[in-house]
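The following note sets out, point by point, some remarks on the model for a colleague who wishes to read it alongside the coordinates. Please keep the structure open while going through the points.

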Amino acid sequence: MSVEVLVLSAIVAALCRRARRDRNTVPGVVSNLACHSSSMLSRLVLVSANALKGSGPLGAGLVQASRSLHASSQNRAPLPPLPETGGKVRHGIFPEEIFQLLYPKTGVTGPYMLGTGLLVYLLSKEIYIINHETYYAFCIGTILVYCVKKFGPQVAAYADKLNEEKVAKVQEVKDMSIANLTRAIGDEQKEQWRVEGRSMLFDTKRNNIALLLETNYRERLHMVTNEVKRRLDYQIALQDLQRRMAQEHMVNWVEKNVVSSITPQQEKESIAKCITDLKALAKATQAKAAV
């Protein structure tokens, strides 16, 4: 499918060149825009050729041919202005540069023989097979030719309108930049006038710094006071805790010794006395309930 893309791209580029030659009366800005579109289509052709690198001798030949068409090496120098008119083509789609490139080596009939032999080689080796995609490509090419012939002038006029709008926007941005720079110059002059009062400003800043230092000193004194008070409160709380623990320990010790001093006989007598008291209390309760 990459071959069809390459052929269609070449067809579109040639039709754009022809439409550009038919509009020689258009201003230079529009011609530059058309040439820029043609150069984009030419790049598309080269990209399609690069996509055929892995397709054997055909891909390698197309890549080598695309490289040989570059007359200058890439650099960071300013680009030359775009030409006012497009390059010459033969038979509607083939650039004149290809023929001029092959004439010194193959003669006048060389390009035609090369194209015919390349086509026969592609078909005989079945590198390119004529199938439904070929008919699709032919139909699409025909539609593109019709569209360029039919709608080319309207599209060119629309492109001119867009270009004029862009130029107007750029001019507006330029005017805004000039106004902003003028305002900046006035602000700079005002700042220079304000610099004359820097002595008073520096005095005020010195006073502010002195006040900040005094405030910081007082805050640190307050912090030290709070810290000392907190530690004293801690010592008081620690002493209270020790006193309370000593009291609890003394109470527990006394209670333990009292409990341990009770003999088993005294415990039995206490239990018997409690039982007797409970029985007497029960009789008294029943007597009150009967009454």
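1. Burial and surface. Buried residues make up 15% of the 291 residues in the protein, where buried means under 20% relative accessible area, exposed means over 50%, and partly exposed covers what lies in between, with a 1.4 Å probe and protein chains only. The accessible surface of the protein comes to about 23600 Å², and 65% of this belongs to carbon and sulfur atoms; accessible areas come from the Shrake-Rupley method with a 1.4 Å probe, and for residues only the protein chains shown count as cover.

2. Basis of the values. This is a predicted model, in which local features need pLDDT of at least 70 and side-chain atom pairs count only at pLDDT 80 or more, whereas totals for chains, interfaces and linings use all residues. Residues are numbered from 1 along each chain as its sequence is written, and side-chain values use heavy atoms, with hydrogens and water left out.

3. Secondary structure and contacts. The protein has eight helices and two strands, which run α-α-α-β-β-α-α-α-α-α from the N terminus on; helices (H or I, at least four residues) and strands (E, at least two) are DSSP runs, numbered from the N terminus. Among contacts between residues at least 6 apart in sequence, 65% join residues at least 24 apart, a contact meaning heavy atoms within 4.5 Å.

4. The aromatic pair. How many aromatic pairs does the model hold? The count comes to one aromatic pair, under the rule that rings of Phe, Tyr and Trp (its six-membered ring) pair if their centres lie within 6.5 Å, with planes under 30 degrees apart counted as stacked, over 60 as edge-to-face and the rest as tilted. The ring centres of F99 and Y112 are 5.6 Å apart and the planes stand at 50 degrees, so this pair is tilted. Because F99 lies in helix 4 (residues 96–106) and Y112 in helix 5 (residues 110–124), the pair ties together parts that are 13 residues apart in sequence. F99 is buried, at 5% relative accessibility, whereas Y112 is partly exposed, at 37%.

5. R90, F99 and E96. The charged end of R90 sits over the ring of F99, 4.4 Å from its centre; for this, NZ of Lys or CZ of Arg must be within 6 Å of the ring centre and within 35 degrees of the ring normal. The side chain of R90 also meets that of E96 in a salt bridge (2.8 Å, N to O), that is, a side-chain nitrogen of Lys or Arg within 4 Å of a carboxyl oxygen of Asp or Glu. Leaving aside its neighbours within four places in sequence, E96 is in contact with K88, V89 and R90.

6. Salt bridges in helix 7. A search of the whole structure finds nine salt bridges. One of them joins the side chains of R231 and E227 (3.5 Å, N to O), which are four residues apart in helix 7 (residues 198–261) and therefore separated by about one helical turn; R231 is exposed at 55% relative accessible area, and E227 is partly exposed at 29%. Another is formed by R243 with D240, the closest N and O atoms being 3.0 Å apart, and these two residues are three apart in helix 7, again about one helical turn. Both R243, at 46%, and D240, at 36%, are partly exposed. Salt bridges that share partners join E227, R230 and R231 into one network.

7. The nonpolar patch. Which residues form a nonpolar patch on the surface? They are L119, L123, I130, Y135, Y136 and I140, with about 620 Å² of accessible area together; patches are made of residues with over 30% relative accessible area and no salt bridge, like charges being joined within 9 Å and nonpolar side chains (Val, Leu, Ile, Met, Phe, Trp, Tyr) within 5 Å. Helix 5 and helix 6 (132–195) each supply at least two residues of the patch, and its largest share, three residues, comes from helix 6. I140 is in helix 6 and is partly exposed at 41% relative accessibility.

8. The loop residue E126. E126 lies in the loop between helix 5 and helix 6, and its phi is near 55 degrees, a positive value in a residue other than glycine. E126 is exposed, with a relative accessible area of 57%.
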